[in-house]
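Please look through the sequence and the 3D structure shown below, and then read on for a careful account of some side-chain features.

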Amino acid sequence: NPSDAATPEDLAATDASIARLRDSTTTLRTTEKALRASLAAMNATLSTSDLRVAVQALEAEKEATLARLLSLRSGSIKPVSAEERAGVEKEWKTWEKREKVRAAIGREMWGMVCEALPEGVVQSEVKVCGTTLRLLSVCSVRERA
């Protein structure tokens, strides 16, 4: 039927409509992607009730800190003088050096023990039981725990 045939103007209008709908679809898909990302970000955050609980906990912590600060400011606790701080730091460094020396001695002694182990005995099988070195198979169950 010739009346059902599309005219060139009708075909051009249909092509334009298809192109407009494709552009619209692309724009809508981009918008959908952005909205989904936004929704995922919102779902990843805390709910309002969770935020209220967190705020209450922070307010309680703030009050406790302010109470401690008030007691410090009231003068019941005296500040540490610079001389006292320097003395404590000097003593700390002295003890730190001693600890390092003792640790080095311990490593050296353990190395000597491992060198002197009998053939076939692995280092992981040796344990200090009281004041003596023993093989784990020799140590009692009480000493292992």
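Is Leu69 buried, partly exposed or exposed? The model is predicted, so to speak, by rule: local features need pLDDT of at least 70, side-chain atom pairs count only at pLDDT 80 or more, and totals for chains, interfaces and linings use all residues. Residues are numbered from 1 along each chain as its sequence is written, and side-chain values use heavy atoms, with hydrogens and water left out.

Leu69 is partly exposed, with a relative accessible area of 33%, where buried means under 20%, exposed over 50%, and partly exposed in between, for a 1.4 Å probe and protein chains only. Leu69 belongs to helix 2 (residues 48–73), a helix being a DSSP run of H or I with at least four residues, numbered from the N terminus. Together with Leu66, Leu72 and Ile77, Leu69 forms a nonpolar surface patch of about 330 Å² accessible area; such a patch takes residues with over 30% relative accessible area and no salt bridge, and joins nonpolar side chains within 5 Å.

The whole structure holds one salt bridge, that is, a side-chain nitrogen of Lys or Arg within 4 Å of a carboxyl oxygen of Asp or Glu. Glu32 and Arg36 form a salt bridge at 3.1 Å, N to O, and these residues stand about one helical turn apart because they are four residues apart in helix 1 (residues 8–44).

| Residue | Relative accessible area | Class |
|---|---|---|
| Glu32 | 37% | partly exposed |
| Arg36 | 57% | exposed |

Arg98 lies over the face of Trp95, at 4.6 Å from the ring centre, where the rule asks for CZ of Arg within 6 Å of the ring centre and within 35 degrees of the ring normal.

Note on methods:
Patches are made of residues with over 30% relative accessible area and no salt bridge: like charges are joined within 9 Å, nonpolar side chains (Val, Leu, Ile, Met, Phe, Trp, Tyr) within 5 Å. Accessible areas come from the Shrake-Rupley method with a 1.4 Å probe; for residues, only the protein chains shown count as cover. Helices (H or I, at least four residues) and strands (E, at least two) are DSSP runs, numbered from the N terminus.
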